[in-house]
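Here is a short briefing on one protein model.

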Amino acid sequence: MKKIIPLLCSLGLVACGAGASGFEIEKKENNLTVNCKSAYLIDFNSGECIYKQNELERLPIASMCKVMTLTLALEAVDNGQLSLDEYITASEKASSMGGSQVFLASGCQYKVDQLIKSIVVCSANDSCVALSEKLAGSEESFVAMMNSKAQEIGCTDTLFSNCTGLPKPTQYSCAKDVALMFRNLLKFENYFNYSKIWLEDFVHPDNRTTSMTNTNKLLKKYKLCDGGKTGFTNEAGFCFTATAKKDNMRLISAVLGADSSNHRFDSTVKMFDFGFANYKNKLILDKDVNLKEEFAVSGGKKNSISVYPETNSYVFTGINSEPNISFNVIYNPVKAPVAKGQAVGKIEIYKDGVIYETVNAISGEDVKKAGFGDNFKNISERWAI
C-alpha cells in the first residue's frame, strides 16, 4: 500500500533531508579567492559543491594519495579481511622507504592498528608499503586496487603509480577527485579514532620509539577541523585535504599546489568559513520522532505498530533558503512477529517535486505472533460488535 504525505507537518517531524547528487542549490555570490593552483569545497552529506577553482586540472598530489591507501585498509578492516589486532611483518622494501616514515625494522611485526595510525598521523611511507603488501601481495598489485577504487567512486581524473605519493611519472589527480576520495574515506568512522591524535610515540618491537606529530596543523589552529591529509613534494607544492564539522554540517576541502604550507592551511580555513557562513544542513527526518500514523500488523498480539525513520535525513541548502520538501510513505504488508528496528516500509523524500532520497521506515516496537487465545479474543470482540 502506498500513501502520499505531501506536507512535512503531517509527519510531525522537524524540517529537511540528506542529499543525492545532481540537485542545484542556490549559489552564493562571493569574492572568495584561495592561494593555490586548484581547490574544491563540498558538503559531506550531499556531495554538493560549494566552491571550485581549476578543480579538474590534473596535478601531482604527493602524500594525499594516501587517502586511497587508507580507504582500502579501512575497507578491509570493515569487511573482515583485516583485523586491527593482527600483525604484519615489515619487508625489506617497506623498511627502506624514504620520506616520511616511522622507521619500521625489516622482519619485525607490527599491529595493523599501529600502521594505520602512523599513516593518518605522520604520513608514514613505510607503513603504507607494509599494508599494501599484506592486502595485495605487492605494492604494484595494490596500486591496481587503488586505481580500480578511484574509478568506482567516480574519480575520472586520477591515476596512481604508488601507494605513498613519492614522485613517480604518470601519477596525478585533481582537487575534485581528492575531495571525493576523502569523502569516501570519512564514511569509515574509525578514521576519526586516529585523525585527532596530535602527538604520540610509535613503539617498535625492539623497544625503540619514533615520535609521531600530526602533519595537520589545523587541529590546533581551527577548532572545527577534526581530520585531514597533507602532501608536499617539490613537484606538487603544498597540498591539503581536510574536513571540519559545525553543528550537523560537515564540509570537505581540497587544496592543490599552494606555494607555502601557510597558504594551504589559510586557503582551507577561508573555504570552511565561507561554507559555514552561507550554507546549512537542515534536518527533515528525525530518527527519534515517530511518524504520526501507525502501520497495521496482521496476525499479532497488537494490531498496529509505531514507525520511525531509520536514520536522520538532511537537506543541504543556502542559509536563508527554505526548500520545498514532500514525502511519500510506502507501507509494506506487515505480519507478526515483528522485531523492533525491522524495516516495514520506505519514506521517499522529494525536493522541489523530484525524488531526493529514500529512507527505511522501521518498527518502533516488538510485536509477538498471536496465539490461539488472542485469536479467540479478537473473534469474540468482533461478534460482540
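Strand E16 (residues 325–331) is mostly covered, with 6 of its 7 residues buried. Buried means under 20% relative accessible area, with exposed over 50% and partly exposed in between (1.4 Å probe, protein chains only). This is a predicted model: local features need pLDDT of at least 70, side-chain atom pairs count only at pLDDT 80 or more, and totals for chains, interfaces and linings use all residues. Residues are numbered from 1 along each chain as its sequence is written, and side-chain values use heavy atoms, leaving out hydrogens and water.

**Strands E16 and E17**
- E16 pairs with strand E17 (residues 343–351) in the antiparallel sense, over 7 bridges. Two strands pair if DSSP finds at least two bridges between them.
- Ile-325 has Lys-351 in E17 as its bridge partner.
- Strands (E, at least two residues) and helices (H or I, at least four) are DSSP runs, numbered from the N terminus.

**The five-stranded sheet**
- An open sheet of 5 strands runs in the order E3-E2-E10-E9-E8, with antiparallel pairing.
- Its edge strands are E3 (49–53) and E8 (225–233), each pairing on one side only.
- Neighbouring strands of this sheet are turned by 5° against each other on average, direction ignored.
- Strand E2 (residues 38–43) and E3 run antiparallel, joined by 4 bridges. Tyr-40 has Lys-52 in E3 as its bridge partner.

**Strand E9 and its neighbours**
- Strand E9 (residues 237–246) is largely enclosed by the rest of the structure, because 8 of its 10 residues are buried.
- E8 and E9 form a hairpin with 3 residues between them. The two strands pair in the antiparallel sense over 8 bridges. Cys-225 has Ala-244 in E9 as its bridge partner.
- E9 and strand E10 (residues 249–258) also run antiparallel, joined by 8 bridges. Phe-238 has Ala-258 in E10 as its bridge partner.
- The hairpin of E9 and E10 has 2 residues between the strands, and Asp-247 takes a positive phi near 55° there.

**Helices H1 and H3**
- Helix H1 (residues 66–78) packs on helix H3 (residues 112–122) at an angle of about 150°, with the axes 11 Å apart. Axes are lines fitted to C-alpha atoms, for helices over the stretch in contact, and angles run from 0 to 180 degrees between N-to-C directions.
- H1 and H3 are therefore roughly antiparallel to each other (an angle over 145 degrees).
- The contact (heavy atoms within 4.5 Å) is made by Lys-66, Leu-70, Ala-73, Leu-74 and Val-77 of H1 and Ile-116, Ile-119 and Val-120 of H3.

Note on methods
Angles under 35 degrees count as roughly parallel, over 145 as roughly antiparallel, 65 to 115 as roughly perpendicular and the rest as oblique.
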